[in-house]
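This report looks at selected features of one predicted model.

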Amino acid sequence: MITATKNWIKARWPALRLRSILLGVLLFTALMPALSAVFLRVYENVLVRQTEAELIAQAAALSAAFQQAWPDGAPRAQAPRPGEERPYSLQPLTIDLNTMAILPERPPSVVTSSPPDPKAAAAAATVAPIVEATTLTTLASVRILDRAGIVVFGRDDFGRSYAGLPEVAAALAGTPETVLRRRGNYQQRYTFEALSRAAAIRVHYAYPIRIRDQVVGVLLLSRSPRALFRGIYDDLNKILLGFGLVFVAIIGIAGVLSRTITKPIEQLSRASEHIGAGGIEVPATPATATVEIRALFENFRQMAGQIDRRSRYLRDFASAVSHEFKTPLAGIKGALELLEDHGGSMSEEDRRRFLANANADAERLSHLVGRLLALARADMASVTATPPADPAPPLHRVADAMRTAGLAIDLDLEAPCRRSRCRRMSSRRW
C-alpha cells in the first residue's frame, strides 16, 4: 500500500525549480502562525479567555458590593493594617475551545412557588445601581440569585428559578463554574465567520456569594466573546504591517538563498553542459556560495581536469595505436601484393621470406591486441585495499625477456632505497 502510494505520487509529482521550493517553504513557515490561529484556535482561545477573565473580575467586584449590602450584621471590608498579609486566590481560566463542550442555549427560568430570600432581595436592591452602571460598560448580562437559585435581580424573571442549570448548581455548592452555550440570536455577518467557533457562543459564569463562609447567593453573568475575525478586524493595521514585514523578510531570505545555493548550482549545470560539449572551463567559485557549494565547485573542477587528462590520453593513445597497427598491416599487405603479382616467378626462397615477414607482422599484431586487452582489464580493475606485492618476480621476467631480445640489462633488487616510500630500487643499464 505504501509503495503504491509512493509510486502514484512520483508519477504525478511536478518538476519544480529550487527557487520555487525555497519560496514555498518560507511562505508556509511564515503562514504557520495564521494557520495555527485559525485551525488550532490559539488566538481565538486568547480572546475567549479574556472574556472569561473579565467576567471573573466583574463577579468578584459585584460579590464584594453584595457582601457590603448584606443586612443583619454582615462583615464590612476593612483596609489592611500595615504589615498585614491577606490571602490571595487567583481564579484559574478553564476555557479551551478545542476540547470544551458547547452546551445548548440557556433555557429560560422556571416558575417556582418559593419566595426569594428577603435578605438577598434587600442586598440585591442596594447593589442594583452598581450592577446597572457596570453592565453599561461591560455589556454583560447579570443576574443575582439567592441560596435557592431564585432570581432576586434580573430583567423580567424576578422570583423565577435557575436552580436547574449545572453551573448554578456548582456555584451553590461553592465552586465557581464557567460553561459555553450557544447564542440563540446568532446570525452570520462575515464571510469566513464559519471558521470561528467563538462567533456563535456565549460565555456563562456562575460565582458563589459567601457570607461568613456560607453561600448565600450566586452571581450569574454571561457575555459574548470577541470572535476571531472581529479581533483580526480590530487589529487589522498591525496585522497588515506584520505581514508586510514578514513578506519583505521572506523576499530577502529567498534572495540570499538564491545567491548562495540556487545560482551556483545553475552555474555548475551550465558548466557540465559545456564539458559535455568538449570544453574544459569551469566558472570561478562564487564568493557568496556556502561551504558545501564551494566544496562542490572544487570537486567539479578536479573532475573536469581529470576528464581533460583522460581525453588527451585517449587521443594520444588512439594515435599511437593507429601508428603501431599501421606498420605491420602495411607489411602484410605489401607481402600479399608481391605474392599475388609475382608469386609464380619467385623462387621458393623469396616466397618463404615474404611469408615469414607477413607471419612476423601478424605475430606483432597479435601481441599488440593482447597488450590492448591487458591494458583494458587493468584500466577497468577496481582499486582494493590489498597487501603490497613483491615486484621482484615480474621484474626478473621483464629482464629475461629483454635479454632474450638481445638487450643488455643489469637488475639490482638489493640496492638500498633512498626514499621512505619504497624499500627497494632497481638500477638498469642499457
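## The sheet and its edges

Strand β1 pairs with strand β4, which covers residues 177-182, in the parallel sense and over two bridges. Within β4, Leu180 is the residue that stands opposite Ile102.

This pairing belongs to an open sheet of six strands, arranged in the order β1-β4-β5-β6-β2-β3 and with mixed pairing. The edge strands, each of which pairs on one side only, are β1 (102-103) and β3 (151-153).

## Arg143 in strand β2

Strand β2 spans residues 141-146 and contains Arg143. With a relative accessibility of 13%, Arg143 counts as buried, because the cut-off for that class is under 20%.

The side chain of Arg143 takes part in a polar contact of 2.6 Å with the side chain of Asp157, and a polar contact of 3.0 Å joins it to the side chain of Ser141. When residues up to four places away in sequence are left out, Arg143 touches Arg106, Phe153, Gly154, Arg155, Asp157, Tyr162, Val218, Leu219 and Leu220.

## A nonpolar patch on the surface

On the surface, a nonpolar patch is formed by Trp8, Ile9, Trp13, Leu16, Leu18, Ile21, Val25 and Ile265, which together have about 780 Å² of accessible area. The elements that contribute two or more residues to this patch are α1 (2-12) and α2 (18-39).

Helix α2 supplies the largest share of the patch, namely three residues, while Trp8 is found in helix α1.

Terms used: Residues are numbered from 1 along each chain as its sequence is written. This is a predicted model: local features need pLDDT of at least 70, side-chain atom pairs count only at pLDDT 80 or more; totals for chains, interfaces and linings use all residues. Side-chain values use heavy atoms; hydrogens and water are left out. Patches are made of residues with over 30% relative accessible area and no salt bridge: like charges are joined within 9 Å, nonpolar side chains (Val, Leu, Ile, Met, Phe, Trp, Tyr) within 5 Å. Accessible areas come from the Shrake-Rupley method with a 1.4 Å probe; for residues, only the protein chains shown count as cover. A salt bridge is a side-chain nitrogen of Lys or Arg within 4 Å of a carboxyl oxygen of Asp or Glu. Helices (H or I, at least four residues) and strands (E, at least two) are DSSP runs, numbered from the N terminus. Buried means under 20% relative accessible area, exposed over 50%, partly exposed in between (1.4 Å probe, protein chains only). A polar contact is a pair of N or O atoms within 3.5 Å; within protein, one must be able to donate a hydrogen and the other to accept it, and residues adjacent in sequence count only if both atoms are side-chain atoms. Contact means heavy atoms within 4.5 Å. Two strands pair if DSSP finds at least two bridges between them.
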